[in-house]
Each structure stands twice: as structure tokens, then as C-alpha cells.
Number of protein chains: 2
Amino acid sequence: MLLTFLSLLCLSTYSMSLELKVITVATEETDGFKRFMKSAAYYGISVEIVGMGEEWKGGDIQRYPGGGFKLNLLKPVLEKWRERKDLVVMFVDSYDVIFAANSEKILEKFKDFRTNLVFSAEQFCWPDQSLASRYPKVGLGKRFLCSGGYIGYASQMYSIITDSEISDTDDDQLFYTKIYLDPHKRDKYGMRLDHRSHIFQNLNGAEDEIDLHVTSNESYATNTLYNTRAAILHGNGGSKNFLNFLGNYIPNQYNVDEGCLHCSEGLHELPEDSSKWPTVFVGLFVMSPTPFLREAILKSLSELNYPKNLIHLWVYNKNSYHEDLLSKWSDEVKSEYASVQYTGSYRDITEIEARTTAMKESLSKKSDYYLMLDSTGVFDDPDALRKLITLNKHVIAPILGRPDKYWTNFWGSIAKDGFYARSRDYFVIVESKRKGIWNVPFISTAILFEGEWLLKRSTDAKGLPSFASEEFEPDMALCQWMRNNGHFMYVSNLQKYGHLISTSNYEIHHLHNDIYNIFENRQEWEKKYLHENYSVALNAGPDDISQPCTDVYWFPLLSPAYTKEIIEELEKFGKWSNGENDDPRLDGGYENVPTRDIHMNQVGFEKQWLDILAKYVVPIQIKVFPGYYSRARADLNFVVKYHPQGQPDLRPHHDSSTFTINVALTRPGIDHQGGGCRFVRQNCSVVDTKLGWALMHPGRLTHYHEGLPTTSGTRYIMVSFVDP
Amino acid sequence: MLLTFLSLLCLSTYSMSLELKVITVATEETDGFKRFMKSAAYYGISVEIVGMGEEWKGGDIQRYPGGGFKLNLLKPVLEKWRERKDLVVMFVDSYDVIFAANSEKILEKFKDFRTNLVFSAEQFCWPDQSLASRYPKVGLGKRFLCSGGYIGYASQMYSIITDSEISDTDDDQLFYTKIYLDPHKRDKYGMRLDHRSHIFQNLNGAEDEIDLHVTSNESYATNTLYNTRAAILHGNGGSKNFLNFLGNYIPNQYNVDEGCLHCSEGLHELPEDSSKWPTVFVGLFVMSPTPFLREAILKSLSELNYPKNLIHLWVYNKNSYHEDLLSKWSDEVKSEYASVQYTGSYRDITEIEARTTAMKESLSKKSDYYLMLDSTGVFDDPDALRKLITLNKHVIAPILGRPDKYWTNFWGSIAKDGFYARSRDYFVIVESKRKGIWNVPFISTAILFEGEWLLKRSTDAKGLPSFASEEFEPDMALCQWMRNNGHFMYVSNLQKYGHLISTSNYEIHHLHNDIYNIFENRQEWEKKYLHENYSVALNAGPDDISQPCTDVYWFPLLSPAYTKEIIEELEKFGKWSNGENDDPRLDGGYENVPTRDIHMNQVGFEKQWLDILAKYVVPIQIKVFPGYYSRARADLNFVVKYHPQGQPDLRPHHDSSTFTINVALTRPGIDHQGGGCRFVRQNCSVVDTKLGWALMHPGRLTHYHEGLPTTSGTRYIMVSFVDP
Ligand SMILES: O=C(O)CCC(=O)C(=O)O
Ligand SMILES: O=C(O)CCC(=O)C(=O)O
Ligand SMILES: [Fe+2]
Ligand SMILES: [Fe+2]
Ligand SMILES: [Mn+2]
Ligand SMILES: [Mn+2]
Ligand SMILES: [Mn+2]
Ligand SMILES: [Mn+2]
């Protein structure tokens, strides 16, 4: 013991002149390896790479023991350095490691250990659990040795690696563990564990201990349990995704002041002349009935600022619901694109087959890019495709989200069961509070693959990305394949590229299903069904809303598509009431001033209509009747059908409403003659009603009113008694 | 039998020359006797009166057998006539009998019997029930003999009355019954019973058989069971009141075309010179707390068009509630009346004592009339007293009723238990569809006694009318005494004299109790608490209701008495809310725009206020907002107190109402400076509010409004949110 103590003391006197050499074993330049090297370069650390290009002989160390091969590759190098007293050698893995400090810092931390060899520590005893009890107890800190990172004097390093023989498929961690558990050897080699992650932070099982600090000029990770900031971040075991998350920030990838620091590196700018742009193979997958298919996806595809003759279109439609539209559309656009292929719903092809086929087709067309696009992904920026290409990633997706929701096409993290988990930065990324290109464990809906990368895969032993999985749907299967094979997947939110269409709750039993789809896809709904001048009214001052009679207001609310489709929907339903006082649809069973009508709840449109009231009518109401906060409750919402041979008019009455909405669904002078609403007490009539415009008037007390006779044609109005 | 038959036959040949003599026994000229004689006179029938002025010796025949005295009085007269073959003699009672046909008719009916003697029949076997089974059976008709009326040839009549001796106190009916039940004697005297009331209608037990027909030119009674119309109506046994009822019509007392035929007979017109009018002693009885005492009774007494120096006022107040008012008032008017005596609530005098004392005081003052007046009787016609005197009845009351109710101060009939029963003409009399002077079994509240009649009673063996009874309250005891002693009580509805104040449900725990008394005494309430110009507004056209701002109306609603008293009531209660949002009085516990107020339900005034809304506000509302039928429901009714140091104003808001009522309880410029209501959207203020005027405006949507700052003094408003 006395001897050891002395030797430690005298070694410390050399500290000023020590040198650090990092050595790693890597047989392939994986995405992880490249990230490792980039982090080393950032800190000016030179790395001795051993085994590059050689065939890996260390077994499947993701799942089983092994790695003796690593040691055998290291031995010759260490032998060269064994005499250098000033040399400190650090071994680290590279596929799952990031540097977080420079050599000086590392050496300083090493010297603080005042020993010869420091091994990283972790909380699992691996690969031989039975050895756990033989480990010395530690107060605060991880107890067990991990061979993914260690540091020591070159001579001691050589001594220990040659302590005994190891075969390529033996386990390297077990080799060192056995030495460590022998108190004599531990002493002899001056071997200690980095229990509290002074140098090495093994992330497996330690995720909760780690804080990521994103500050104005740097981002770094600390261990909050030990109050340490490690120099090496190691995504050992199941912590690869967590390392990827940290790798989006460290070292110097992102900080608050400068944002994403790597996002402008290595861009693939396209030439001015668009005819020289890369070719793109677009696989369009319509897996389930998709609202607003024509207005959203098809339109956004058509409107991309990308030469169509450079695009191959490959359309797969799984659902007969869209058969007519898609087969027709495919035909229509055939001449515009480099090629168009349509696989219809009648074909008995699985999703896996379809996605695999499309990818292969892309390869066979030698396309520069393959865009795998689902029918729910909409590009709002016509330059989205070009801009994605520019980002120059093997596999990347634009972040697309459901408007005003946190539902997007990527996951920031993944749970143990393989399903969604929220990463710490998911919300700030979705909210675009942090913009960048992010390495994430799951992407979908609109994935751009580099053609060259795909080609490499096709020649690779692992083969092309796979969509098949026993547990998962094709989209998750693909990402699982990517993760398992060490391929990074990126999403970009450097800008807004587009959004997602929601297929949830899409009812297809109506005649016009999209008119019902207000809740899930409001943006599309508004574009199609709101009156084009509604926003003018919304932004107008109260005095600019026209007032044809005292306290009666008038504004554009619904589009011609709406008025047409709702009439067709109701006429298809067809059960117009008989206009009699007894009305079983009503709570009291009796209506004093009955109309021939259909109630919105008879055609399942009530929730939608109430939403129209709340979202579009109330904002106008509050403008012209300030201070009145309507709850947009309305128990009676109906379309009246006026016809000279049916019900031509409606006698004077009050409505059971605080205010009434009366929307013209037809045009006086064109669809019908006569009609209109007369306010008796004001002696004021509104007869020149305008298609889709809503009349808004107090229902009780002041506005006694009548429906004027329709003398020919049919007049339809949509009426709603809002109360309160 | 053969002999009898022959004699009958030969008698009938004399019919043309027969004469009728009516004989009766009467010792006093009771009201009933006078009525009897009047009816005889009407038919030109001469009556032989026997016993007048003699002392009755026949026992108490109302309750016990007796009446042999009658027969002994008749004998000498019949003896005179015994030889006259052409003479038919009819005996009838007189106190309880009315003629309903003339002699010819009576004789004709008698001859139709083709026998010598016809006795009236009744359905009770009296006085010896055990004889019932010995009576011959009759098919349809009454089986038993009644000696209250019989008719026969003078000779037979004499024979039968002298068939055997009878003592004065033996029963006359038993005397004739025994003869009738002896078949030999029955035959011998040619004795038959008038089973089906051809001549005699005994009313006891037969009331349901009798129809009173009031036709355009006559009134008459028929027996609907036997289809007969008797010549004699006899109120035997307990049917005296029913006879009195019939006597109001028969003979020729009332018909449809001419109305009351006796009402203009024997009037006591007063001279022009009112100083020569009779003196009246008024006993005013305040038995229980009486709403509107000052405004109704006291005022109506003061305003009588009758010289006050001819009136003695005797006031009895049983209740401390009115002590202040009555003692003060008695003092005030002392100098105006001939005399005023006040007996206050502190005196330990029973009602019986009080009423008896007053009657005696009237006698001792030698008053020409005594008016016994309860505090609930109000004269609306100032000439009522004079007009009642003119009617010249011993005992009479004006009909007074609760307005729009069937509750009056008389009963048309009386039930077996002595309490109220409805007569057949009660409703038409109360509704004044039949006007007249009616003989009824119960009167109260305002009874005018003739002084002379009272004087006669005071010297009479029966004494003064009594208010004492074991079963009944003094008012019913009095009437029972009157009925039992054969004194008729009249009510007049020849005109409307006044009405009754209701003391039901009168709450006296408030500061101002009358303001709460809207339901029981609406007429008084309206006079005191409705604005004097309310009726002008009610009768105005819609355009004449002023409209200070668009759809805001303004009209006089409540009187200065109302505004003053409600404020005092609330200030006495004192629990003004603190003006904070949290308000435990509300359903939701929260008020967005709170005021410092007291809710009407906190002072028990909610039902009343809702009635004001329904009865007085809604009729104006429907005029200016036609077609809107409000249910006058209002969950929030409150008085707001504005004060510079408390709540000076109210920020802009809407009310939770279809329309709002806002009544000024104070006067701007006098009670306070500032204040008023501003309609923000209309940019229109109502600041010159008028005391008791109601502002009516839509509550929601169109009329965003605020309470303007009260800069000095206190502004109170009464607010009500009507919905719907
Ligand atoms: O015909 C109109 O515009 C009036 C319809 C109406 O008042 C109603 O349906 O309640
Ligand atoms: O002060 C006023 O007249 C307005 C009162 C008012 O609006 C309210 O109490 O709701
Ligand atoms: Fe209407
Ligand atoms: Fe208000
Ligand atoms: Mn590793
Ligand atoms: Mn549906
Ligand atoms: Mn009698
Ligand atoms: Mn009360």
C-alpha cells in the first residue's frame, strides 16, 4: 500500500506535460460514427481509429455479450505507446458516443482521480449479474464497470489489456470486470471506477439524472444527482435515442442566441435552372378515407414549384371511397408528369407491398430522391420539396402538424414498447420555438429519401428499408428498421412546410362528407365552406357591418359550396316536416308557428352547425352587439323550404331566441321569386337576400317578423335560434 | 161507497156558484204575517184572521206538538158558516205561508178533488211517527197529513173540527190524523190528502222538487216531481228560509222584464233639507287587523254624504295593531260628529259586549237608525247610507262583496249546521244580474237597524237582538236570533253601495303592511300604490308611450306612496349586499356585474312584485312590443342603492332578461344628483328619470347599458329581469 501511494504522488508531479490520445474501434462510418468524429473535431481531439473497413467479429453486441474483438484490435496500438510515460490513453466506443469536453478538461478530470486507470461506471451489472454482490459498495454513485469508456496511463493500459488472453467473441466488459473484482489486480493496476460520471456519462438508466441546459451561447448536459458535467456522453444499451436527443444540441449544435448551428452546413443548393434539378419519385399513399382529398393533398401536389417532368408519380389508393376521384385525377395529370402510375382500390395489394414496390420503382427509375407521401400530408409552401432537398439529409421529413394541435408526423422520443413518447423538446419544436433539423426516432407522412442512400442500401447486406414487422404497422416498422440499423432520421422545422389532414372521425355515409368535417380539418373546411368575404366582415368595424333594419345585421357567412351541398344533403334525406303545429321532433311536441323544415339534428349536422355559430357567427355578433357574450347555444337549427305549392310564407311571430340567424341558401330573382323577411314593428323588409349571407336579428320582444311569400321557385333558408 | 160517490157527483153540479173563504190564526203581525197578507191581497183573497192580539196558547209549535188552540179559535167562526152550502173554507197558517193563486184557481183545484175535505200532505209523519204504517199507501205523492192547510165545504169543515173535543195544548195535526186514519171517519167526512201538491205545497223536505221559474212577466214555483203548481206555499218545519227565498219572487215580487216589483214600494224618501234627516248611530267594529283601514273604511265613512252632526260615532277597536291610528282619528273627528266614543284595544271588552253596548247606546241616544259597521265594509257610494234608509226596512244591509269574488256579506241560504249554503240565486244576485231587495238568512258587516224597530224589541219579551250563542260567533248569532224570532233580514243590490276589504292573509310583521296586500285587496292597493297616470299609459296607443331611446319605453307605474314605502321597508330591513361578485343569494353564487341591493325575496315581496309585472307591466309591454307574450317570469327583482360613498355607478353590462324593468324610486335633482341609465350602443341616456316611472328595455344583445354615477344623495331604483 505504501508503495502505491508513493507512485501516485510522484506521477502527479508529471501532470503538466501529459498528452491524451483517444482510440476507438469502428468498422463502418455510420451516422453515429460521423457524429462522434464531428464532436471530436469540434474539441480538437485527434482520434486513433482502429478496424475501419474490417469485418466486425465481435458478435451482436446490441443484444448479446461479445466485443473481445475490440481488445484484440487495440492491443497492437497500445503496444506501440506502452513506453510513453507522458501519454494518457482513452478508449471510447464511437457509434454511440459524443465528446462534451476538450483534452485539457479530460486530463484534468483524470488527474483528479489520482490513479492509473479509470473505467466508466453504470447501474447495471452486465453481462454476468451474479457478480454484482462481489463489487465493492459505493455510497453515492454507479457501482458497476462499463467498458464503453476508460482512460489511463499508456503503460498501465497495455498491462491490463494483456493481463490475459481474450478471444474475439468473448466479452470485453467481463474481461475487465474480473480484473476489477480481484482486489490484488485492482490495486496492482491502480484501477478505479468513475462512479459519479466525472468523465464518462453512461446514459442507460440515467436519463432522469441528466439535465440538458440550452443557454444563450452553449448547450450542455449535467448529472443532477452527482453535480457533474461529464466529458463523454455514451448512449449505451437502450439510451441511443436519448443520446440522439442530446446530440441535437451537443456539442454546439444549438444554442438560444444562434439557434441551429449545423443547419446551414453542407446544404445541397439547387441550380437556378430548374430543368437541372434532381428527379423525384413521389409515392402517394391513400390508406384511408381522407377529407378534402382534392382540395388539400391533390391541390398541394399540383401546386408544388417543381418541374413536373422531373417527377414520377406513383399513386396507391387503398379505399374504394376515393376510387372515382383518384383514378380520374391520375388520368388527368398523366401528361404533366414524367410518369404517372395509379394502383386502385380494386387491387389486392397490402400496404407493405405497396410501400416496398414504390421504393423499388424509385430505384429502378434512378430517381435522385424518393418522396414517400401519405394523403394526409399537405405542403402549404409550394417550395417545400426543393427546400427539403436542399437540407441534404439521407432521410428527412418536414414537420407537419395538425393545425393548432400537438399532433405531428414525428416523435421526439419513443417508449419502451416502441410507441410514442414525448421528448423534452417536443412541444417547443412543434411550437417552432426551437427551429432546426432534428434527429428523432420516428417520422412519417412525408419522408424524403436520398436516392444514392437508397441505392447503397439496396447493395447492403441489410437490404432496403423494411416496412414489415410483427408488432408494428408499416410506418413504425420502417422507423424501427432505421433505428436498429443506426440510420438517423431527421425532421426539419426550419420553416413551416405544410400541415396534416386528420382522418379521425371522418364519416363517409353522408352525401357530402367534407361539410361535416369541420372539427378535424377546420383549415380546409373554412377554405371550402366559409364565405370568401367572411374575413372582411370579421375584420370590419361594427359600423361597417350592414344593418338593413334597426338592430338587424347582415354579413357574408357561408360559401356557395356550403349552400349547394347542404341543400343537396337535405334533399337526399328528404324528410321535410308537414308544417303542422304538432311536431314530435320538439320537446313540447308543439310549434306555434311551424315551418316545413328539416332540423340539423335529423341529418347529424347539429354539432357542426353549433360550431359554426360559436366560431363564425358569435365573433360578428359581439362586434355589433358589444358586451353580449353569447354561449352560442341553439336548440333549434333548421332549414326551411318555401315553395308556392308547399309553404309559401310564414306568419308574423317571435322566435324562441335571443338572436336569430337566417342564412339565405338560395338567390332571390334566380332560384326563386319573392321571399324575404319582414320586421313588422319596424315596418322594414329584407328581400334582396344574398347567397350565404346571414341575417342576424333579436328573436324576442322587439323584432316581430314574418316570412314573405315565395311566389315561384324554391327558397331555402338556414335558421337558427341562438339562446342565450 | 155508492152514497159517497153520488154525493160527490151532485156537489160538482154546484161548482159555478161556490165561494172561498180563507181563515187563519195569527196572534202577532210578524214579518211573515205581513207577507202572507200582501200575497192574499195580491190575489184579491179576503182572509178571516182569528186570534190577533190574543196571547198564543198553543205551545211552542216550532219545536213541539201543540196547536189545539188554533182549532178552538176556529170553531166559533166555522159554526157561523156551517149552513152555507156554497161556501168552501180554507184554513192555512200565515206566518210561513204565501198565496200563489187566486180564489177561482183554488176552487177549481178543490173541485177537481171531487170530495168534501182536502188536507195538505207532507213526507214526514208528525207528531206521532208510530202512526206512519197505518197510513194508506200512495203511489206517487206525499203520504202523511199536514194540518197547516186544508180546504173543504163549510159544513164538513165544521163537522170534522167538532168531531171531538181538543184542548189548546193538544196537537191539531194529531187530531186530524186520527180521524183520517179511521177509514169510517175518512169516508164519512169525504176526507182526502193533497198527495201531489195540487193546492198545497208543503216545502219541508220537498225543496229539491221545487223549481222557481223567473220569466219575463211572472215568477212561480212548480213541483217537478208531480208536475203541479200549487196555490199555497207553506214553509213548514225547517223550510222557512226556502220560503223566504221563494217569497223574494212570489207572488209578483220579481220578474225578468220589470225586475224587482216591490222595491219601489213604501220607500222612506228623505227631505231635501239634510238637516232634517234622521239621526244615525254608527257602531264601527275593528275586530281584526284590517288592510287599508285609513284609505278604505275611515275615508269612506268620512266621505259619506250625510250630515255628520246627525251621526253618533261609536268605535270599537279590538286590535292593538290599529290603536294609534284609531285613537288619533277618533280624536281628530270628534268635533265633526254628534258624538264620538272610542273604545280602544286596551279595554277588556268582548265582541258580544261591544256589539250589545253599541246597540243600547244607539237606543239611549234615541237614534233613528243604528248602523252596525265592521271595518271591512267600505261604502263606495257616498250616498249609500241615505239610500239604505230610503229602502225603509227594519233590518237591511247593502250587498258588499270582495271585488271580482263571490265572497259577500250575505248568505242566500243556510245549511243544516247553520253555516253558509248557496242559494239558487246567489251568483246572479252577487253578479247584479238580478237587482232587488232580498230576504236572506244571514247578513253582516254593514247592517242598518231601524231605531223604532229596535225600540220595539227592547220592550218585547224576547228583548234586543242577541249576539250570544253557544255555537256561533256574534255575527251568526245575531242572524240566528233574527231567524228564530221571525224577523226578516234584507240585503239590497239595487245598486252598488260599496265593497268588502279582505283581512285574509294580512301580514302585519312588515313596516308597511298594505304594500304587501296586493292579492287580497287589489282595488285599494291600486288606488294607493299604482301611479295615478298608469291608466293613461294603459289606455294610450303604442305610439303614445314615450320612447326615450330606441326600443326603450317609459311609463308611469308606481305611486309616490309605493316608492316611499318600499324604500323605508328596505332600509328597515337594511341588509344591503356588499356589491361583490360572490353573492350567496344567487343560484350560481356569482354575479358578474354586482350592485348593492336587496332582493325582493329577502323582504317577502317577490310574489307581489311578480304580480305587478304580470298585471301592470305586461299590458304595457304587449302594446309596445306586440306579438311577444311574456310569462312575466323574473328570477331577479331587486332594489339598487346608489350613493357616492357606496356604489356610485354600474359598469356597462347586459341583463339576464328578455326585458328589464327599471323603476325610479327617487327623484334626480331632488333626492340625488347624477344617476340615470345610459345605453351604450345607442349612445342614449335617460337621466331625467321620473318618480315611479318604469323604464322598459331589452335586456340582452341590443341594449348594452350602464348606471351613470350618482354624484350626491342616494338614488334607489327597482330593477327586474323579466325572462321570458
Ligand atoms: O322567411 C324568413 O326569412 C323568416 C323565417 C323565420 O322567421 C323563421 O323561420 O323563424
Ligand atoms: O342605474 C341604472 O339605471 C341601471 C341599472 C341596471 O342596469 C341594473 O341594475 O341592471
Ligand atoms: Fe322567425
Ligand atoms: Fe342592467
Ligand atoms: Mn456503446
Ligand atoms: Mn353522421
Ligand atoms: Mn206552518
Ligand atoms: Mn311576509
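A residue counts as near a molecule if one of its heavy atoms lies within 4 Å of it. In this predicted model, 14 residues surround ligand 1. The closest are A:Tyr642, A:His653, A:Asn662, A:His705 and A:Arg715.

For A:Asn662, an N or O atom of the side chain is 2.8 Å from an oxygen atom of ligand 1. A:Arg715 has a polar side-chain atom 2.8 Å from a ligand oxygen atom. For A:His653, the distance from a polar side-chain atom to an oxygen atom of ligand 1 is 3.1 Å. On its own, ligand 1 has 300 Å² of accessible area, and the protein covers 98% of that area.

Strands of chain A contribute to the shell around the ligand. At least two shell residues come from each of strand S32 (634-642), strand S33 (650-653), strand S39 (705-707) and strand S41 (715-722). S41(A) gives the largest share, four residues. By residue class, the shell holds seven nonpolar, five polar and two charged residues.

Attention now turns to the nonpolar core. The largest such core has 146 residues. Within this core, A:Trp525, A:Tyr562 and A:Trp609 have the most contacts. Helix H19 (residues 606-624) of chain A supplies eight core residues, the largest share. The core also draws on two domains of chain A: domain 2 (274-500) and domain 3 (530-722) each provide at least three residues.

Notes. Residues are numbered from 1 along each chain as its sequence is written. Chains are lettered from A and ligands numbered from 1 in the order in which they are written. This is a predicted model: local features need pLDDT of at least 70, side-chain atom pairs count only at pLDDT 80 or more; totals for chains, interfaces and linings use all residues. Side-chain values use heavy atoms; hydrogens and water are left out. A polar contact is a pair of N or O atoms within 3.5 Å; within protein, one must be able to donate a hydrogen and the other to accept it, and residues adjacent in sequence count only if both atoms are side-chain atoms. Accessible areas come from the Shrake-Rupley method with a 1.4 Å probe; for residues, only the protein chains shown count as cover. Ala, Val, Leu, Ile, Met, Phe, Trp, Tyr, Cys and Pro count as nonpolar, Asp, Glu, Lys and Arg as charged, and the others, Gly among them, as polar. A nonpolar core is a set of buried Ala, Val, Leu, Ile, Met, Phe, Trp, Tyr and Cys residues joined through side-chain atoms within 4.5 Å. Buried means under 20% relative accessible area, exposed over 50%, partly exposed in between (1.4 Å probe, protein chains only). Domain bounds come from an automatic or database domain assignment.
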